[in-house]
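Let's take a walk through a protein model together. Have a look at the picture, then read on.

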Amino acid sequence: DEDDLPAALRARLLGSRRLETKEGVEGREMEVEVRSAGQPWHFHIRLYRRGNGRIYVVRAYTHQRRYAQNKSEMETALDSFRILPR
């Protein structure tokens, strides 16, 4: 239940890029810095869509000061996402 989480007080887009289309799936990646409850967080957010179908939102995040050490693991986790054929 996320109702108890404080709302983000500040979000800053650090970058956005289109991902390579694979197997008919389009993608976009955003990197966002968010400050919530006084804590800085670093998010990688990916949006995927095949044709005009559903949009899938996949995210990975870590505390800002741990971003350098967690970046590789976050990218590996995000890269593992696949939209399965029907």
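We'll begin with the whole chain and then zoom in on one residue.

First, some ground rules: this is a predicted model, where local features need pLDDT of at least 70, side-chain atom pairs count only at pLDDT 80 or more, and totals for chains, interfaces and linings use all residues. Residues are numbered from 1 along each chain as its sequence is written, and side-chain values use heavy atoms, with hydrogens and water left out.

The protein has four strands and one helix (DSSP runs numbered from the N terminus: E, at least two residues, for strands; H or I, at least four, for helices). Of its 86 residues, 27% are buried, meaning under 20% relative accessible area with a 1.4 Å probe, protein chains only. As for contacts (heavy atoms within 4.5 Å), take those between residues at least 6 apart in sequence: 30% of them join residues at least 24 apart.

Now find H42, which sits in strand 3, residues 39–50. Is H42 buried or exposed? H42 counts as buried because its relative accessible area is 3%.

So who are its neighbours? Leaving out residues up to four places away in sequence, H42 touches L14, E31, V32, A60, Y61, T62, Q64, Y67 and M74. With two of these, E31 and Q64, the H42 side chain also makes polar contacts through their side chains. A polar contact is a pair of N or O atoms within 3.5 Å; within protein, one must be able to donate a hydrogen and the other to accept it, and residues adjacent in sequence count only if both atoms are side-chain atoms. The distance is 2.7 Å for E31 and 3.2 Å for Q64.

Definitions and conventions. Buried < 20%, exposed > 50% of the residue type's maximum accessible area, 1.4 Å probe, protein only.
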